[in-house]
Amino acid sequence: MTLGAAMAIIIGFGVLVLAGIAWGWSRRVRRDRGLVAPTDVPEGFVAEASFSGFYVATTRHEKPLDRLAIRHLRYRGRVGIEVSSAGVLLAITGEAPVFLAASRIVGVDRATWTIDRVVERDGLVRLAWRVDAESIADSYFRMTGDAPGNTSGELLAAVTRILPQPTPTGKAE
């Protein structure tokens, strides 16, 4: 085999791999086009706590390997997180702000891994939220540094404070 033929095979294989990746991502975007991240920030929103870090991914609830391609939450990036009694505001670099009303938030906890990201034990914050009446998503965040007021524990505490409280019948208010 000549050098030219070998190069043609390698380039052809590379093109096929890239085409497969593009095809798979476009199918995922089509599959998830009905899922919407809410972008309407309530008038007069005032943050009670602010954090910064990295947005990692959004997956189906309890399925950390099933990435969702929800508009404004498709790609990894730096994120500013603001928490108020009204809900959580996510400002991902290059995307429209996403506002998760407190009534949409299902839970918050720690995680060690999700699709394409593994960190030290409990190094990610997982925010579970209602996309619609039937779907729950988990969004993952990696807090940056150990700056006072910007740790994953403080973010967990801030979000936990605004979680809907269960009523005696077991349903959230």
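Predicted model: local features only at pLDDT ≥ 70, side-chain atom pairs only at ≥ 80, totals over all residues.

Q: Let us begin with a helix: which residues of helix α2 are buried?
A: The general idea is that an α-helix has 3.6 residues a turn, so residues three or four places apart point the same way. In this structure, helix α2 runs over residues 152-162, and its buried residues are S152, L155, L156, A158, V159 and I162. Because these residues cover an arc of only 165° around the axis, they lie on the same side of α2.

Q: And what covers the buried residues of α2?
A: The cover includes several strands, namely β1 (49-60), β3 (77-84), β4 (87-92), β6 (105-111), β9 (124-130) and β10 (136-143).

Q: How many aromatic pairs does a search of the whole structure find?
A: In general, a pair of aromatic rings is described by the distance of the centres and the angle of the planes. Here the search of the whole structure finds two such pairs. One of them is formed by F45 and F99, whose ring centres are 5.6 Å apart and whose planes are at 80°, an arrangement that is called edge-to-face. This pair links distant parts of the chain, since F45 sits in the loop between α1 (3-31) and β1 while F99 belongs to strand β5 (residues 98-101), and the two are 54 residues apart. Both F45 and F99 are buried.

Q: What kind of pair do Y55 and F141 form?
A: Y55 and F141 form a tilted pair, with 5.9 Å from centre to centre and 55° between the planes. This pair, too, links distant parts of the chain, with Y55 in strand β1 and F141 in strand β10, 86 residues apart.

Q: Why does F141 count as buried?
A: The step of reasoning needs a cut-off, which is that buried means under 20% relative accessible area. F141 counts as buried because its relative accessibility is 2%, and Y55 is buried with a relative accessible area of 0%.

Q: Which residues form a nonpolar patch on the surface?
A: The patch is made of L3, M7, I10, I11 and V15, which together have about 540 Å² of accessible area. To take one member, V15 lies in helix α1, and V15 is exposed because its relative accessible area is 51%, where exposed means over 50%.

Q: How many salt bridges does the count come to?
A: The idea behind them is that side chains of opposite charge can pair when their charged atoms come close. In this structure the count comes to nine salt bridges. One of them joins R60 to D32, with the closest N and O atoms 3.9 Å apart. It links distant parts of the chain, R60 being in strand β1 and D32 in the loop between α1 and β1, 28 residues apart. R60 is partly exposed at 27% relative accessibility, whereas D32 is buried at 1%. R60 also meets the side chain of D66 in a salt bridge, at 2.9 Å from N to O.

Q: Where do R142 and E120 lie?
A: R142 and E120 meet in a salt bridge (2.9 Å, N to O). R142 is in strand β10 and E120 in the loop between β8 (117-118) and β9, so that their pair links distant parts of the chain, 22 residues apart. R142 is partly exposed at 24% relative accessibility, and E120 is partly exposed with a relative accessible area of 46%.

Q: Which residues do salt bridges that share partners join into one network?
A: The network consists of R28, R31, D32, R60 and D66.

Definitions and conventions: Residues numbered from 1 in each chain as written. Heavy atoms only, no water. Buried < 20%, exposed > 50% of the residue type's maximum accessible area, 1.4 Å probe, protein only. Helix = DSSP H or I, 4+ residues; strand = E, 2+ residues; numbered from the N terminus. Arc of directions from axis to C-beta. Contact = heavy atoms within 4.5 Å. Phe/Tyr/Trp six-rings, centres within 6.5 Å; stacked < 30°, edge-to-face > 60°. Patch = residues over 30% accessible without salt bridge, like charges linked within 9 Å, V, L, I, M, F, W, Y side chains within 5 Å. Areas by Shrake-Rupley, 256 points an atom, 1.4 Å probe, with all protein chains shown as cover. Salt bridge = Lys/Arg side-chain N within 4 Å of Asp/Glu carboxyl O.
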